[in-house]
Number of protein chains: 2
Amino acid sequence: MVRPGHWGVRARVERFSEPVLLLLLRERPTHGYELLEALPSLTGETRVDMGNLYRVLRGLEEDGLVTSRWEAGEPGPAKRTYELTVEGRRLLDEWAGALQGSRERIDTFLDRYEGR
Amino acid sequence: MVRPGHWGVRARVERFSEPVLLLLLRERPTHGYELLEALPSLTGETRVDMGNLYRVLRGLEEDGLVTSRWEAGEPGPAKRTYELTVEGRRLLDEWAGALQGSRERIDTFLDRYEGR
DNA sequence: CTGTTACATGTGTCTTTTACATGTAGGTAG
DNA sequence: CTACCTACATGTAAAAGACACATGTAACAG
């Protein structure tokens, strides 16, 4: 352990980028780089690590939560476009429930923090 | 990473037990094992890992965020009682701020999730 | 035609954080 | 004494995250 409190105190939600990806993909099929640019608006992070993002996407695909296809024809490098599956949609719903629980726990904490 | 259909999806806040410890210690000096029993009511977890708890407490002390003294005389094994320092109090305030940010990010997510 | 920048997808590897298991020891009840 | 509870502590491995770098397309400047 690197001394609690020395650096972060960012109170990040674990693997938060995952439900955010699913939410963005529910809205429309998108490719990785575009997701990378859309993520910070929802995660609050200034940047998200590219390498990890692509790894998460591949993991999601391996588990049948998204499907992908190579987008050809357009100018520029080939893009891999991801689309949400029914399974992925269900996982997103699960995440939403879990996040509501998190919000309640944070509220409980803050109430007790302020209430004195 | 376990199998995604079966992943935890608990949406835990990273190192959440740390601010909870600080909050409990702000209310009154307490020893480790008692904190262990009080934690779940705030963290929402059924149990908190003992090993990690004591490591966090030691880390907090190393950084001057809490002080401890061995409590003798009472029945049962000797207890190490922890007390919050001024520094620790400041860290708690920092956490509270960060957690408010987290709540806002979760709200943004949930709004966008429900809004359709 | 060379260099630079932007787009786009990845791999390698180390550190941090969490989870699970185990160890030590005093006190208490049968 | 021995089984159990309290109380504190260490060992270790997996999960999650951070950081660095590799590969290739295409546009544009000089």
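How many bridges pair β1(B) and β3(B), and in which sense do they run? The answer is two bridges, in the antiparallel sense. Before going further, a word on the ground rules.

## Ground rules

This is a predicted model, where local features need pLDDT of at least 70, side-chain atom pairs count only at pLDDT 80 or more, and totals for chains, interfaces and linings use all residues. Residues are numbered from 1 along each chain as its sequence is written, while chains are lettered from A and ligands numbered from 1 in the order in which they are written.

## The sheet in chain B

Back to that pairing. Strands here are DSSP runs of E with at least two residues, helices are runs of H or I with at least four, and both are numbered from the N terminus. Two strands pair if DSSP finds at least two bridges between them. In chain B, three strands form an open sheet in the order β1-β3-β2, with antiparallel pairing. β1 (30–31) and β2 (66–71) of chain B sit at the edges with a single partner strand each, so one side of each has no neighbour in the sheet. Across the pairing, Thr30(B) faces Tyr82(B) in β3(B).

## How the two chains relate

Residues count as in contact if their C-beta atoms, placed from the backbone, lie within 7 Å. The contact draws on 38 residues from chain A and 42 residues from chain B. On the chain A side, α1 and α4 each supply at least two residues, and α4(A) gives the most, with 19 residues. That side of chain A splits into 19 nonpolar, eight polar and 11 charged residues.

## The nonpolar core

A nonpolar core is a set of buried Ala, Val, Leu, Ile, Met, Phe, Trp, Tyr and Cys residues joined through C-beta atoms within 7 Å. The largest one has 47 residues, and Leu22(A) and Leu22(B) touch the most other members. Elements supplying at least two residues each include α1 (17–27) and α4 (86–114) of both chains. Beyond its neighbours within four places in sequence, Leu22(B) contacts Leu84(B), Gly88(B), Leu91(B), Leu92(B) and Trp95(B).

## Around DNA strand C

A residue is near the strand if its C-beta atom, placed from the backbone, lies within 6 Å of it. There are 24 residues around DNA strand C, and Gly32(A), Tyr33(A), Gly51(A), Gly51(B) and Pro75(B) come nearest. α3(A) gives the most to this surface, with four residues. By type, the surface has nine nonpolar, eight polar and seven charged residues.

Most residues other than glycine have a negative phi. Ala11(B) counts as buried because it has 24 C-beta neighbours inside 10 Å; the cut-offs are 20 or more for buried, 12 or fewer for exposed, and partly exposed in between, with C-beta atoms placed from the backbone.

Arg15(B) also has a positive phi, about 55°, and its place is in the segment before α1 of chain B. With 20 C-beta neighbours inside 10 Å, Arg15(B) counts as buried too.

Definitions and conventions:
Contact = placed C-beta atoms within 7 Å. Nonpolar A, V, L, I, M, F, W, Y, C, P; charged D, E, K, R; others polar.
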